[in-house]
Amino acid sequence: MLPGVSRIKKLVSIVAPEGTGRRHAIRRARESARTALETTAPLDSPQRNRIRAVTTRIHRSLREKRLRDDSSTIVPTPGRSWGPVTVTTSQNPVVTVVIPTYGKWEYTQRCLTSIEAELPTTPFEVIVVDDASPDSSADRVALCGGVRLVRSEQNIGFVRACNLGASHARGRYLLFLNNDTEVLPCWMDALAGVLDRDPDVGLVGSRLIYPDHSLQESGGIVWRDGTASNYGRGDDPDRSIYEAVRDVDYCSGASIMVRRELFDQIGGFDVEFAPAYYEDTDLAFSVRAAGYRVVVQPSSAVIHHEGISNGTDTSSGVKRYQEINRAKFVQKWSSILADQLEPNPNNVWLARQRTRNSGHAGGIVVVVEDAIPSPDRDSGSVRFMAILLGLAKLDQRVVLLVNVVPTDQRHLDFLHEHGITVLWGREREEFLFSAGRHITLSIVSRPDVAAQWLSRVRASAPNSLVVYDTVDLHFLRHDRAAQVAEECGDSVTAEWCARESKRYRELELTLAQDADVTLVVSKVEQEILGELVPTSAVEILSNIHVTDSTRQSPDGRSGLLFVGNFNHSPNIDAVRWLCDAIFPLVRERHPETVLHIVGNNPPDEIAEMDLPGVVVHGWVSDLVPFYRASRVAVAPLRYGAGVKGKVGEALSLGLPLVGTSVACEAMHLKHGRDVLIGDSAETFAEHICTLLDDDDVWQTLSDTGAETIGRELGPDRARALLAQLIDHSSGSSEHISASGISQGSDDDVLPQGSNA
């Protein structure tokens, strides 16, 4: 069996090299298989135990073979040229790559070769500092096109060699790179992107991977006694726990990028740590002392042949300075180290990620949902994403647990870039077991997900405030659907909806009783739950919208716009009613009017609709052009619950809307001031025609609708409640209320356009 596995692994490495889309797809498929395994063979079941025994034997055999095959030394192979390497560099670099070397040309050559093979889009230059190599390395580097050679006439050691290279830099960012590294795709662009996006970050490091594809580190930890740990050392580097950008204590200097102006301000690497060791840790602490953050960017991955330059024996040679310099480091930073965590495996989940303002203080916020948010596909995801970003902005370590393996890399990357760790499959249980005691706030969303996870979270996180987020009251939505179906004479649908309403009613009321706090999106639902479960604490965390400050105009606009996620049955019913009963009345008075239907996953009956003036677009990547071009937004919902994202989204962008009472409920909207409301086909059509005909009415609703949404559903209210939940979880508040809280900024709220 082992030879077959080896052949498969070799084939994968050829057809799907590390860092390619194919390799990522294979990785995702593996995670999907893991999830399927957990479903068919639960933990501790006889099936799982048999599988575990077999896979353990396979993994042990593979590791033994890998250790036999791997060599820590690169040896010349027949036919391989160890000649000079030309690197395509820029005369106007943004980044200066500084590579200190002392002999070992074969490693330097492979490093330069990898840079040329994985050229970034960021303009860069390469400076190789030869530290008086005892061999011909300097002469070989001198022959490398595009590489600037800086020679030291005497051996000055790693620290001074780095400073010497930096003194010749022209880029605004310095990237210190060991010569015993091989860079992987996007290595430089990912690092530079962090510094470009966030002026608060002063230093960013790569994820380091050993040649045998095990992890060296994804950020470093410094304990109270000054000892340091490479987070994740020896583990699988592709595990989801290592993917998020995180504030960390330090990053190993094999691949770190720092702002050159800041580096000069600090005075470069402290020569007290010459010739080597702890200089990178000291630099990270100095960067933080200067008011900047230190982060790891796992999207930048570098293979590191650790120990090539200085060996691994801490009792002799340069390596002995590892212990000598630790003592110097402890003396220099003793007051700061007092706030670090004790070296204890139980503290790893706190130590792996610093908070921006409080270091290692505080706990972990865990959020549980069915899937990662897709804010370009449904309005619930817009709210959910804003909650996650709001928690991160409030200086929390945020961990998201999901049931569905993420398939949309854009949204997953977005979460990772904002410091949010996303776990699925078996990683979730391992996280709860390892970090449960440090979880201070847990938010479990939707009744079916909460039924699965609320009690498990409660058991694993005894110190946590447990919050149940309804998203909307499902039993209310199904009850209203039953009423509409009954009125339409569809007794089969009405009966099914009534059964679902009863099921969800029992489930949601139980969850509201079991949770410490229950979140709803409207005053209407707060009052309903308050009556049905009077002992529960029910708070409002509504939809979140950022209004466009640009005043809109009716000039040049035409047509109607319906937006809806068709995985949500109220939207299907709304389009049927709109096309069958409302739009024909509009066309009688405005025969040229076009109805645009936009939304995710329309069923065949809608996607294949062939009616005069009706255009079905399906999902679109950007809704803003539709909002800018349309004259009227329509929301003919006959049933539903919660707060309707399509309504808030249209109004926040200044597009007047005609909706039903159900569509506009609980949003503080007034008929004739903010929106036009009609619950019959005739009234609804009349209101549409009013907005098509009357520019003055259009302008009034555009102005006041946006103002009301900004005031009632802006991000400040949501951020205030989240802050109170965090305070409450730490025991500093007896009652949670969204009023009287200071307001924050809107920087991290997603742009509009949800195909809601």
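W349 is buried, with a relative accessibility of 10%. The cut-off for that label is under 20%. F431 is buried too, at 1% relative accessibility. Both values come from a predicted model.

**Aromatic pairs**

The search of the whole structure gives 10 aromatic pairs. W349 and F431 form an edge-to-face pair, because their ring planes stand at 75° and the label applies over 60 degrees. Their ring centres are 4.8 Å apart.

What does this pair tie together? W349 sits in helix α12, residues 348-351, and F431 in helix α15, residues 426-435. The contact therefore joins parts that are 82 residues apart in sequence.

F263 and F269 make another edge-to-face pair. Their centres lie 5.5 Å apart and their planes meet at 75°. Both residues are buried.

Ring pairs also build a cluster. Which residues does it link? They are Y278, F285, F329 and W333.

**Charges over rings**

Arginines lie over ring faces at two places, listed below.

| Arginine | Ring | Distance from the ring centre |
|---|---|---|
| R377 | W619 | 4.2 Å |
| R503 | Y504 | 4.3 Å |

R377 covers the face of a tryptophan, W619. R503 lies over the face of a tyrosine, Y504.

**In brief**

The W349 and F431 rings pair edge-to-face, and this pair links helix α12 with helix α15. The F263 and F269 rings pair edge-to-face as well.

Conventions: Residues are numbered from 1 along each chain as its sequence is written. This is a predicted model: local features need pLDDT of at least 70, side-chain atom pairs count only at pLDDT 80 or more; totals for chains, interfaces and linings use all residues. Side-chain values use heavy atoms; hydrogens and water are left out. Rings of Phe, Tyr and Trp (its six-membered ring) pair if their centres lie within 6.5 Å; planes under 30 degrees apart count as stacked, over 60 as edge-to-face and the rest as tilted. Buried means under 20% relative accessible area, exposed over 50%, partly exposed in between (1.4 Å probe, protein chains only). Helices (H or I, at least four residues) and strands (E, at least two) are DSSP runs, numbered from the N terminus. A charge sits over a ring if NZ of Lys or CZ of Arg is within 6 Å of the ring centre and within 35 degrees of the ring normal.
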